[in-house]
2 protein chains.
Amino acid sequence: MHFSNFATRYQKGSGTVRLMEDLGRATTAKGAICQLGGGNPAHIPEVEAILREAMADLTADTQAFGKMVGEYDAPGGNVAFRETLASLLTEQFGLALSQENIAITNGSQSSFGLLFNSLSGQYADGSFKRILLPLTPEYVGYFDVGLAEQPIFEGRRAEIDLLPQRQFKYRVDFDSLKLNQDHGAVCVSRPTNPTGNVITDGEMEALRAACREQNIPLIVDGAYGLPFPGMIFTPAKPFWDDNTILLLSLSKLGLPGIRTGIVVANPEVIQLIQNNNAINSLAPSRIGPTLLTPLLQRGQLQSICDELVRPYYERKRDYALAVIEEVMADLPIRIHKPEGALFLWLWFENLPVTSETLYQELMAQGVFVLPSRPFYPEVETPWRHQEECIRVNYAAPDESVVMGLTVIAQVVREHFQAAVKRLKETDH
Amino acid sequence: MHFSNFATRYQKGSGTVRLMEDLGRATTAKGAICQLGGGNPAHIPEVEAILREAMADLTADTQAFGKMVGEYDAPGGNVAFRETLASLLTEQFGLALSQENIAITNGSQSSFGLLFNSLSGQYADGSFKRILLPLTPEYVGYFDVGLAEQPIFEGRRAEIDLLPQRQFKYRVDFDSLKLNQDHGAVCVSRPTNPTGNVITDGEMEALRAACREQNIPLIVDGAYGLPFPGMIFTPAKPFWDDNTILLLSLSKLGLPGIRTGIVVANPEVIQLIQNNNAINSLAPSRIGPTLLTPLLQRGQLQSICDELVRPYYERKRDYALAVIEEVMADLPIRIHKPEGALFLWLWFENLPVTSETLYQELMAQGVFVLPSRPFYPEVETPWRHQEECIRVNYAAPDESVVMGLTVIAQVVREHFQAAVKRLKETDH
């Protein structure tokens with residue numbers, strides 16, 4: 001078959017595609033596998049029990065079940081859910097929101113495509129604008145959605161603050177931010193995927209101000225953040241205003257299989273999403289919103305986040321840190337301060353191979369992680385740090401975390417030892 | 001906010017958007033409403049009971065439920081479902097299919113966008129190709145998905161065979177088909193949305209041959225068709241070959257709320273969809289495939305289609321025809337031979353107003369139908385017939401069907417009577 005130019009971007013293996021294929025290979029691989037790649041959340045038994053009960057209630061109700069599965073929803077998404085969520089967010093943000101500020105999509109990844117392409121590329125005034133990422137590394141899933149022929153992302157290198165206990169933290173370099181009319185939007189994930197960083201309230205405030213000043217929208221990807229699922233282990237304020245496009249999701253709450261993304265924005269953006277849904281999907285799925293509405297109405301969602309989700313990942317994070325303490329004590333490792341999400345971002349300074357090579361070697365031993373380079377937009381000026389890190393998902397069962405981190409330690413240790421040996425040989 | 005050129009197509013109200021908004025208005029309108037617009041399938045109690053039971057089984061199974069909601073599926077869609085469906089289709093088509101011939105999307109509407117844009121628009125050899133619709137009117141949902149700046153659809157006017165009992169049937173005009181290298185694909189819905197036509201086996205055979213000869217893929221939109229949901233009331237053979245892209249859906253089986261589309265094609269096309277899913281959605285929803293797999297495995301799906309779905313719509317069709325017989329006996333009406341799907345396509349020859357006007361007038365009286373013009377691609381040469389029809393969804397409750405058709409009869413009658421009166425006045 002012959003395909004159009006449009007199709008070629010889906011024919012060649014993009015970064016996202018390759019990583020997804022590698023992940024897929026893990027599920028069919030022989031031998032023991034440590035799945036520390038991907039972003040799948042944990043199965044938290046107490047949370048799943050609540051969701052199961054909610055589904056059982058719906059299934060027991062002939063009419064409610066019939067409506068959920070048997071009727072197309074509104075193109076903007078379930079109205080009852082949007083209204084309920086709007087009142088919750090009104091309380092949280094102290095701004096009056098209505099259902100016209102909320103749209104549902106089939107997962108945040110679908111929201112990204114529409115929003116990034118709507119806020120970058122060719123403009124009617126002849127300009128070509130890009131999405132500015134003020135703090136790279138940033139989520140790999142952004143980089144393949146652009147439909148324009150030129151790259152639509154521009155990344156800024158993070159400042160690195162070295163911290164005690166072999167930790168470090170990325171910081172926005174406001175001096176080199178240089179926000180201007182070449183930028184259609186600014187985007188940050190908070191907590192950051194892949195690093196587990198939580199951009200501080202101060203940094204957020206400064207970004208907001210810079211965006212307002214230039215009249216450029218600020219996209220905040222809150223897939224792991226506030227107000228839900230609330231996987232943040234450090235003080236941080238949720239916020240929204242009419243220049244902010246806040247992206248939320250039910251995935252990290254434990255529902256990645258049902259594909260529910262949520263966009264909170266001004267009505268103009270919501271209308272755009274609604275029209276896109278109508279044209280490209282008729283309507284989004286009705287399952288997630290229907291399942292969550294009663295929990296929202298009973299105020300149960302907040303307690304799920306505060307009492308079950310956050311403590312669960314906090315424990316998992318502490319466990320992974322303790323394992324690293326034990327198995328990597330002798331290695332030149334730094335860990336990004338793990339303030340949120342479900343990742344550890346490990347930095348092996350002066351690693352003698354690229355993290356891509358490390359990634360391949362680990363995969364060959366059944367340990368799946370993600371290499372660091374794909375988390376930077378292609379056009380960003382290369383720097384050595386881009387090749388020295390890996391992302392580890394610590395939501396996996398404890399035994400996988402131990403085994404995986406042990407294998408990582410061995411492989412990294414061998415590389416450093418070999419380098420030392422080579423150095424000595426050169427000395428002779 | 002400033003938006004890119006890409007966004008403008010989602011800012012203005014397209015045909016699809018307008019129709020969806022009108023439908024949305026119906027759900028919030030005051031007074032009695034007859035919802036005969038849209039394509040929502042009926043709530044068939046026996047079918048919903050089976051689906052409810054399947055969901056109850058899943059919900060009772062901690063592990064199965066956890067997997068369904070709590071894990072991202074493969075980018076190409078659920079592998080167990082695809083394997084099970086592949087064996088079923090292997091039996092049906094007499095060709096060996098595997099899971100590599102099947103991909104899952106979040107509904108057929110999402111499949112359309114990717115496939116139409118991949119098989120039309122700009123090609124590497126400099127050519128611009130279009131999707132040929134050999135038998136218009138054709139599904140309105142196709143027309144807004146094109147990303148190219150020029151129109152991507154080209155329609156061929158149907159031949160009209162007049163039949164007894166005030167019926168007619170559209171037929172492919174093979175003389176004017178003129179399939180050539182300006183066409184990237186040929187597409188038909190079977191049964192046809194909006195007409196309820198079922199393109200004959202002979203016509204399908206001829207289309208297949210013409211497509212093969214020109215090496216152009218044939219897209220068959222089987223949303224209402226074969227092998228499931230099987231809403232076809234006339235003898236028709238399902239078919240597939242490696243030059244055919246067959247689009248199936250779980251929506252008309254009674255599951256529009258869960259958004260499950262299925263593509264059956266050669267592995268090259270499946271890979272394209274899989275990569276598109278990875279980039280633009282990570283993975284499709286896991287609900288539909290998980291829910292349906294046990295029914296497929298037990299061979300229950302076929303009996304649901306044969307014993308519940310088809311007879312149900314056949315009865316509804318007969319009921320709507322009987323109502324028309326009664327309330328439109330005096331009107332110059334012709335009905336497209338209703339061979340499948342859930343629509344009646346009513347043709348009021350020489351209707352003194354356009355069907356758009358009729359549509360608006362009916363809406364003002366609480367009766368929602370769809371006008372005929374939007375079912376033709378914009379570029380097709382206008383002909384009067386394009387403005388003389390309406391689509392009526394007869395899946396609504398019987399009382400809505402009666403009331404709606406009665407109002408339609410009244411409004412149409414008044415137009416014809418007024419025209420006669422005007423004519424008489426002119427005579428004097």
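The expected span of a helix is 1.5 Å times one less than its number of residues. Helices (H or I, at least four residues) and strands (E, at least two) are DSSP runs, numbered from the N terminus. This is a predicted model: local features need pLDDT of at least 70, side-chain atom pairs count only at pLDDT 80 or more, and totals for chains, interfaces and linings use all residues. Residues are numbered from 1 along each chain as its sequence is written, while chains are lettered from A and ligands numbered from 1 in the order in which they are written.

**View 1. Helix H5 of chain B, from end to end.** H5(B) runs over residues 79–93. Its 15 residues should span 21 Å, and the end C-alpha atoms are 20 Å apart, so the two values agree. Just after H5(B) comes Gly94(B), with a positive phi of about 65°.

**View 2. The buried side of H5(B).** Phe81(B), Arg82(B), Thr84(B), Leu85(B) and Leu89(B) are buried in this helix (20 or more other C-beta atoms within 10 Å of the residue's own, with C-beta atoms placed from the backbone). They cover an arc of only 165° around the axis, so they lie on the same side of H5(B). The arc is that of the directions from the helix axis to the C-beta atoms. The buried residues pack against three elements of chain B: strand E2 (102–105), strand E11 (261–264) and helix H9 (287–297).

**View 3. An open sheet in chain B.** Here 6 strands line up in the order E6-E7-E12-E13-E16-E15. The pairing is mixed (a pair needs at least two DSSP bridges). Strands E6 (159–163) and E15 (370–371) stand at the edges. Each has a single partner strand, so one side of each has no neighbour in the sheet.

**View 4. The E6–E7 pair, close up.** E6(B) and E7(B) (residues 167–171) pair in the antiparallel sense, over 5 bridges. Leu162(B) stands opposite Phe168(B) in E7(B).

**View 5. Where chain A touches chain B.** In all, 69 residues of chain A are in contact with 69 residues of chain B (C-beta atoms within 7 Å). Elements that give two or more residues to chain A's side include helix H1 (5–11), helix H3 (45–60), strand E3 (121–122) and helix H8 (267–281). H8(A) gives the most, with 9 residues. Chain A's side divides into 31 nonpolar, 30 polar and 8 charged residues. Ala, Val, Leu, Ile, Met, Phe, Trp, Tyr, Cys and Pro count as nonpolar, Asp, Glu, Lys and Arg as charged, and the others, Gly among them, as polar.

Notes:
Two residues are in contact if their C-beta atoms, placed from the backbone, lie within 7 Å. A residue is buried if 20 or more other C-beta atoms lie within 10 Å of its own, exposed if 12 or fewer, and partly exposed in between; C-beta atoms are placed from the backbone.
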